[in-house]
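Take a moment with the sequence and the model below.

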Amino acid sequence: MFLRELNQEEKEAFLELAYLISKIDKNQTIFENSIINKFKTEMGIDKYSIKGSDIEDILKVFENDRTKNIVLVEILRLIFSDGVFHDFERESIQLIKKHFGFDKDDFQSLRDWVLKIKELEK
């Protein structure tokens with residue numbers, strides 16, 4: 001939805017993060033794969049090859065609040081795409097939330113908003 005606003009480095013880092021999160025439970029679902037392909041198309045980087053970057057290195061790329069909000073919203077869309085919130089996904093979100101400095105209320109607001117959007121997409 002908002003990924004076009006990211007610069008090239010952020011787009012690549014976001015795709016690395018999305019891929020990492022989709023594989024975190026050792027089972028990338030068809031829903032997650034579909035969302036990642038939509039991310040690539042939206043960002044105009046269909047041919048990008050995943051490098052396998054470390055999550056800590058990826059998160060350092062996102063420096064301003066707007067891009068952090070975009071990343072968290074889009075990663076939540078990815079996580080909720082298959083209808084299951086695995087423990088590994090929950091741990092990853094906690095790491096992202098902590099690294100980005102989101103408090104509980106901010107995170108909850110974004111999470112609720114993503115879930116409402118998901119309902120509208122049905």
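In this predicted model, helix H6 buries Phe 107, Leu 110, Val 114 and Ile 117. These four cover an arc of only 90° around the axis, which puts them on the same side of H6. What do the buried residues of H6 pack against? Their partners are helix H4 (65–80) and helix H5 (87–100).

Now turn to the other face of H6. Pointing away from the buried side are the exposed residues Lys 104, Asp 105, Lys 116 and Leu 120.

H6 runs over residues 104–120, 17 residues in total. From first C-alpha to last, H6 reaches 24 Å, close to the 24 Å expected at 1.5 Å a residue. Look also at the start of H6. There, a side-chain oxygen of Asp 103 comes to within 3.1 Å of the backbone nitrogen of Asp 105.

Next comes H5. Its 14 residues should span 20 Å at 1.5 Å a residue, and its end C-alpha atoms are 20 Å apart, so the two values agree. Which residues of H5 are buried? They are Glu 89, Ser 92, Ile 93, Ile 96, Lys 97 and Phe 100. Seen down the axis of H5, these residues fall within an arc of 135°, so they line one face of the helix.

That buried set has several partners. It packs against helix H1 (8–23), helix H2 (30–43), helix H3 (55–60), H4 and H6. On the face of H5 turned away from the buried side sit the exposed residues Asp 87 and Lys 98. Just after H5, Gly 101 adopts a positive phi of about 80°.

Definitions and conventions
Residues are numbered from 1 along each chain as its sequence is written. This is a predicted model: local features need pLDDT of at least 70, side-chain atom pairs count only at pLDDT 80 or more; totals for chains, interfaces and linings use all residues. Side-chain values use heavy atoms; hydrogens and water are left out. Helices (H or I, at least four residues) and strands (E, at least two) are DSSP runs, numbered from the N terminus. The expected span of a helix is 1.5 Å times one less than its number of residues. Buried means under 20% relative accessible area, exposed over 50%, partly exposed in between (1.4 Å probe, protein chains only). The arc is that of the directions from the helix axis to the C-beta atoms. Contact means heavy atoms within 4.5 Å. A polar contact is a pair of N or O atoms within 3.5 Å; within protein, one must be able to donate a hydrogen and the other to accept it, and residues adjacent in sequence count only if both atoms are side-chain atoms.
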